[in-house]
Amino acid sequence: MSAVKKEFKKITTHAIQEMKRAGEKISMLTAYDYTMAKILDAAGIDVLLVGDSAGNVMHGYETTLPITLDQMIYHAASVVRAVDRALIVVDLPFGSYQGNSKEALQSSVRIMKESGAHAVKLEGGKEIKESIERILTAGIPVMGHLGLTPQSIYKFGTYTVRAKEKAEAQQLIENAHILEKAGVFALVLEKIPAKLAKQVASELTIPVIGIGAGNGVDGQVLVTHDMMGMTHEFSPRFLRRYLSLYDDMKQATERYIHDIKAKNFPSDKEQY
Ligand code: KIV
């Protein structure tokens with residue numbers, strides 16, 4: 001049963017801003033391939049993020065740093081081909097925007113032109129303000145990302161909760177306002193105290209979407225492979241698993257192998 005108050009045929013950046021104003025929570029999941037994106041879109045997800053978490057769950061890297069712009073475009077184009085309704089946001093990967101604002105614009109233009117996606121997402125605060133402004137001059141919508149920003153993992157040293165201390169919390173609030181002023185249409189807050197996330201969401205007019213940021217924000221995002229239980233070693237407190245696909249798929253594969261070895265697949269009915 002859907003809890004949607006207003007039916008949107010296509011989700012735009014304006015639609016999710018309208019959802020915030022109407023008090024309707026925004027649903028967001030990651031997608032990296034055609035088949036998964038088709039299922040999530042058919043289910044009515046509002047926003048699909050072609051996240052650089054693809055580096056982890058699709059490519060097997062330990063961090064999000066190695067994934068390239070070409071690889072992100074490849075994933076994004078597959079998602080775009082599947083989707084009728086959801087807003088598709090694509091992460092600018094590490095190294096494709098931090099150098100200068102011109103590079104940030106060039107990377108964003110490549111994503112939009114070569115994949116057909118609707119918006120880009122960048123990690124960081126005031127240090128990327130100029131890049132955000134330059135990307136916006138080309139008419140490309142930008143989503144921000146503060147809190148735990150996995151592209152800076154070697155600066156943080158760990159994946160623990162961010163902004164627990166007053167100084168870091170204050171800095172995050174300031175950065176959130178800077179990003180809103182710069183013109184981002186929405187902001188992801190990752191792994192920060194729920195109270196702080198709620199404060200940011202109430203101070204900003206743009207939608208704030210949380211991952212590990214509590215229930216006081218305007219929407220939620222999870223990595224689909226985690227939410228579906230396809231990954232099973234990663235179990236942070238914020239993760240709710242809706243399926244146990246790792247176990248189900250492993251068992252299905254074991255049954256398939258067994259049937260082949262036992263010479264009962266294919267059966268008479270399964271051949272020409
Ligand atoms: O890459 C990603 O999946 C993300 C989400 C965790 C927000 O940035």
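This is a predicted model: local features need pLDDT of at least 70, side-chain atom pairs count only at pLDDT 80 or more; totals for chains, interfaces and linings use all residues.
Residues are numbered from 1 along each chain as its sequence is written, and side-chain values use heavy atoms, with hydrogens and water left out. Local features need pLDDT of at least 70 and side-chain atom pairs count only at pLDDT 80 or more, while totals for chains, interfaces and linings use all residues.

Let us start with the pockets. A pocket is an open set of points on a 1 Å grid over the protein atoms alone, where a 1.4 Å probe fits, with protein on both sides within 12 Å along at least five of seven lines; lining residues have an atom within 4 Å of a point. A volume is the space filled by probe spheres set on the points.

| Pocket | Volume |
|---|---|
| Largest pocket | about 1200 Å³ |
| Second largest pocket | about 790 Å³ |

Around the largest pocket there are 41 lining residues, with Gly-219, Gln-220, Val-221, Leu-222 and Tyr-242 nearest its centre. Two or more lining residues come from each of β1 (26–30), α2 (34–43), β7 (208–211) and β8 (219–222); helices (H or I, at least four residues) and strands (E, at least two) are DSSP runs.

The second largest pocket has 33 lining residues, and Ser-53, Asn-56, Val-223, Asp-226 and Phe-234 lie nearest its centre. Here α3 (54–57), β6 (186–190) and β8 each give at least two residues to the lining.

Now to the helix pair. In α4, Leu-69, Asp-70, Ile-73, Ala-76, Ala-77 and Val-80 meet Ser-107, Arg-110, Ile-111, Glu-114 and Ser-115 of α5, where contact means heavy atoms within 4.5 Å.
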